[in-house]
Amino acid sequence: MTTSNCKPVQLQPEDIQQLRNEVLWPHKTFENCVLETDRLSSTFHFGVQLNGITVACVTLQQESTNKLKQDSAKDVSQGASQGIQYRLRAMAVREGYRGQGFGDAIVEAGLNYLSSLGVEVVWCDARVAALNFYRRLHFEELEEEYEIPIIGLHRFMWKVLSSQS
C-alpha cells in the first residue's frame, strides 16, 4: 500500500494518542501522551488513517524559538526569524508502514496548510535517527546535537515556508 491510496487529513488529539504512546513515548502512560497545546485552536494535527487505525501523525503548534536568531542559523532571513513560527513535533509512523511515504505526506500536508495561513518558518527538535528524513524535505539544521532526556540525541532543524508557493 502506498500514499496514493490515502490522503493526509486533520485529526483530533484522541486520534493520535495511541500512536504517540506506541512509537514516541512508550515510557509514558497512555494518559500522558497528550501535549498541553493539543486542543488549542492554533494547533493542528495531520495524519493518515487506514481501516480506522492511525498509521502516521504529526503535530504543528504555534511556538517561537530564539535559535533562529543565532548566527549559526545564517540561512534564515531576519524577517523570517521575526515572523510567525510553528513547531513541528510528535511526528510518528507506525511500525510496518515506514518507508512508504506516509511521513512525507503528512509533513508536506501540514507545511502546505501552515503556508496557506501565512506561517513563515517551521522548526523542530529532530531525533538524530530522523535527520535524513527532514533533510529530504529540505529542512536546514544546526550542527550542534543535544540530548533530550529519555528520548535521545536531537538536532535543531527549520524550514522557511515563504519560499513555498
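**Notebook: rings, one asparagine and a sheet**

I began with the rings and found eight aromatic pairs in the structure. For a pair I asked that ring centres of Phe, Tyr or Trp (its six-membered ring) lie within 6.5 Å; planes under 30 degrees apart are stacked, over 60 edge-to-face, and the rest tilted.

Before going further, I noted that this is a predicted model, where local features need pLDDT of at least 70 and side-chain atom pairs count only at pLDDT 80 or more, while totals for chains, interfaces and linings use all residues. Residues are numbered from 1 along each chain as its sequence is written, and side-chain values use heavy atoms, with hydrogens and water left out.

**Entry: Phe44 and Tyr113.** I looked up this pair and found it edge-to-face, with 4.9 Å centre to centre and 75 degrees between the planes. It links distant parts of the chain, since Phe44 sits in strand S2 (residues 44-50) and Tyr113 in helix H3 (residues 102-116), 69 residues apart. My helices (H or I, at least four residues) and strands (E, at least two) are DSSP runs, numbered from the N terminus. Phe44 counts as buried because its relative accessibility is 10%, whereas Tyr113, at 28%, counts as partly exposed. The cut-offs are under 20% relative accessible area for buried, over 50% for exposed, and partly exposed in between (1.4 Å probe, protein chains only). I also found Phe44, Phe46, Tyr86 and Tyr113 in one aromatic cluster.

**Entry: charges over rings.** I required NZ of Lys or CZ of Arg within 6 Å of the ring centre and within 35 degrees of the ring normal. Lys28 lies over the face of Trp25, 4.4 Å from the ring centre. The charged end of Lys67 is over the ring of Tyr146, at 4.1 Å from its centre.

**Entry: Asn21.** Lys28 came up again here: its backbone oxygen lies 3.0 Å from a polar atom of the Asn21 side chain. Asn21 belongs to helix H1 (residues 13-24) and, at 14% relative accessibility, counts as buried. Beyond its neighbours within four places in sequence, Asn21 is in contact (heavy atoms within 4.5 Å) with Pro26, Lys28, Thr29, Phe30 and Cys33.

Entry: S1 and S2 pair in the antiparallel sense over two bridges, and I saw Gln10 opposite Phe46 in S2.

Methods: A polar contact is a pair of N or O atoms within 3.5 Å; within protein, one must be able to donate a hydrogen and the other to accept it, and residues adjacent in sequence count only if both atoms are side-chain atoms. Two strands pair if DSSP finds at least two bridges between them.
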